[in-house]
Amino acid sequence: MTCGGYNARRMAYKTLLVDEIDGVLSVTLNRPDVHNAFNDELIAEAIELFSGIGPASARLVVLRGTGPNFCAGADLNWMSRMVSYTRDENIRDSALLAKMYALIDECPLPVIGRIQGAAIGGGVGLVSVCDIAIATHDAKFGLSEVKLGILPAVISPYVIGKIGRIGLVHRVADSVEALDAAVDEAIKQLKGSGPEAVRECKKLIAYVASNELAEAIPYTIEAIAARRVSAEGQGGMAAFLKKEKAPWA
C-alpha cells in the first residue's frame, strides 16, 4: 500500500502498529502498559505517519488503542520532564503536540475512532479529531488537566468544535435531595481543581469558541506553556507525580 511514496506495511514504529488491509489503514496506539498514554516519541511517530497520508494511500483510517483503554492522555514520564522545561521548551513541545492533532484533523481520508475503556485528557483530543467516533457503552471520557493546575489547551479547538457547549442544563437530578448532592459534587470538583487553571480555562473556552482554528492554535500553545511554568501548574504536576495532594486541595 503506497502512502505518499512509501509502503505502510514496511513502516516500523515503536509506539504505533500500522497495517493496511482492503483500503483500511489501521493505526493502533501501542503502549498498553501505560494505557496508550502518549509521549514525545509517539507524537513524533504520529506526525511522521499522518504527514505522509495522501488521497491515494487508502480509503479510510481507523484509529484505535491496544488493551482495555483507548488513551490515557499524557505519559507520566513525559510529564515529569515537562516540570523542568523552560517556557520556550514548553512552547516547542506543545507545538509538536498541536501539529499531531492538526495532521489527524486535516487527514484527507476519513478517520474513524474505535474507542474503548478510558479516553482521558489528550485521549479526548484524539477522539475529537476523528471524523466518526464509535465508543463502547461503558467508555469514559475526562478532561482532568485543571486538577493538575494546567489546561486542556492544545486539544480545546477540536474538543470545543465537536461537543460545543453541552447545553442549558448539564445534569438532571431525580429529587431535591439529589439536586443538593449534585450541587455539592460540583462544588467539590471545582475546589479540587487549580483555582487559576479554572479561571484560565474559562478564558480559553471563550477565546477558542469565538476564533478560527488558525488563530486559536497559537493561543492554545501559549496558554499551556504559561500554565506549565506557572507556580500553580508546577505545584500541581509535582504533587501528581509524587502521588500527593495538590497545594490547593
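1. Before anything else, a term: helices (H or I, at least four residues) and strands (E, at least two) are DSSP runs, numbered from the N terminus. With that settled, α1 gives the most to the lining of the largest cavity, with three residues. Keep in mind that this is a predicted model, where local features need pLDDT of at least 70 and side-chain atom pairs count only at pLDDT 80 or more, while totals for chains, interfaces and linings use all residues. Residues are numbered from 1 along each chain as its sequence is written, and side-chain values use heavy atoms, with hydrogens and water left out.

2. Now the cavity itself. On a 1 Å grid over the protein atoms alone, a cavity is a set of points where a 1.4 Å probe fits but cannot get out, and a pocket is an open set with protein on both sides within 12 Å along at least five of seven lines; lining residues have an atom within 4 Å of a point. Grid points are joined across faces, edges and corners, and a volume is the space filled by probe spheres set on the points. On that basis there is one cavity of 30 Å³ or more, and the largest cavity holds about 60 Å³ of space.

3. Who lines the largest cavity? The residues are Leu16, Val27, Leu29, Leu42, Ala46, Phe50, Leu63, Met100, Ile104 and Leu126. At least two lining residues come from each of β4 (24-29), α1 (40-51) and α3 (87-105). For classes, Ala, Val, Leu, Ile, Met, Phe, Trp, Tyr, Cys and Pro count as nonpolar, Asp, Glu, Lys and Arg as charged, and the others, Gly among them, as polar. The lining of the largest cavity then has ten nonpolar, no polar and no charged residues.

4. On to the second largest pocket, with a volume of about 620 Å³. It is lined by 35 residues, and those closest to its centre are Ala72, Gly73, Ala74, Met79 and Leu148. Helices α2 (76-82), α3, α8 (213-229) and α9 each supply at least two residues of this lining, and the largest share, four residues, comes from α2. By class, the lining of the second largest pocket has 23 nonpolar, six polar and six charged residues.

5. Salt bridges next, meaning a side-chain nitrogen of Lys or Arg within 4 Å of a carboxyl oxygen of Asp or Glu. Side chains of opposite charge can pair when their charged atoms come close. The structure holds seven salt bridges. One of them joins Arg81 and Asp40, with the closest N and O atoms 2.8 Å apart. This pair links distant parts of the chain, Arg81 in helix α2 and Asp40 in helix α1, 41 residues apart. For exposure, buried means under 20% relative accessible area, exposed over 50%, and partly exposed in between (1.4 Å probe, protein chains only). Arg81 is partly exposed at 34% relative accessibility, and so is Asp40 at 37%.

6. Asp93 forms a salt bridge with Arg228, the closest N and O atoms being 2.8 Å apart. Here the link runs from Asp93 in helix α3 to Arg228 in helix α8, 135 residues apart.

7. Arg227 sits in helix α8 and Glu196 in helix α7 (residues 195-209), 31 residues apart. Arg227 counts as buried at 7% relative accessibility, whereas Glu196 is partly exposed at 37%. Glu196, Arg227 and Glu232 are linked in a network of salt bridges.

8. A couple of backbone points to look at. Asp22 has a positive phi of about 50° although it is not a glycine. Asp22 lies in the loop between β3 (16-21) and β4, and counts as exposed at 75% relative accessibility. His35 likewise has a positive phi, of about 55°, and is not a glycine. His35 is found in the loop between β4 and α1, where it counts as partly exposed at 39% relative accessibility.
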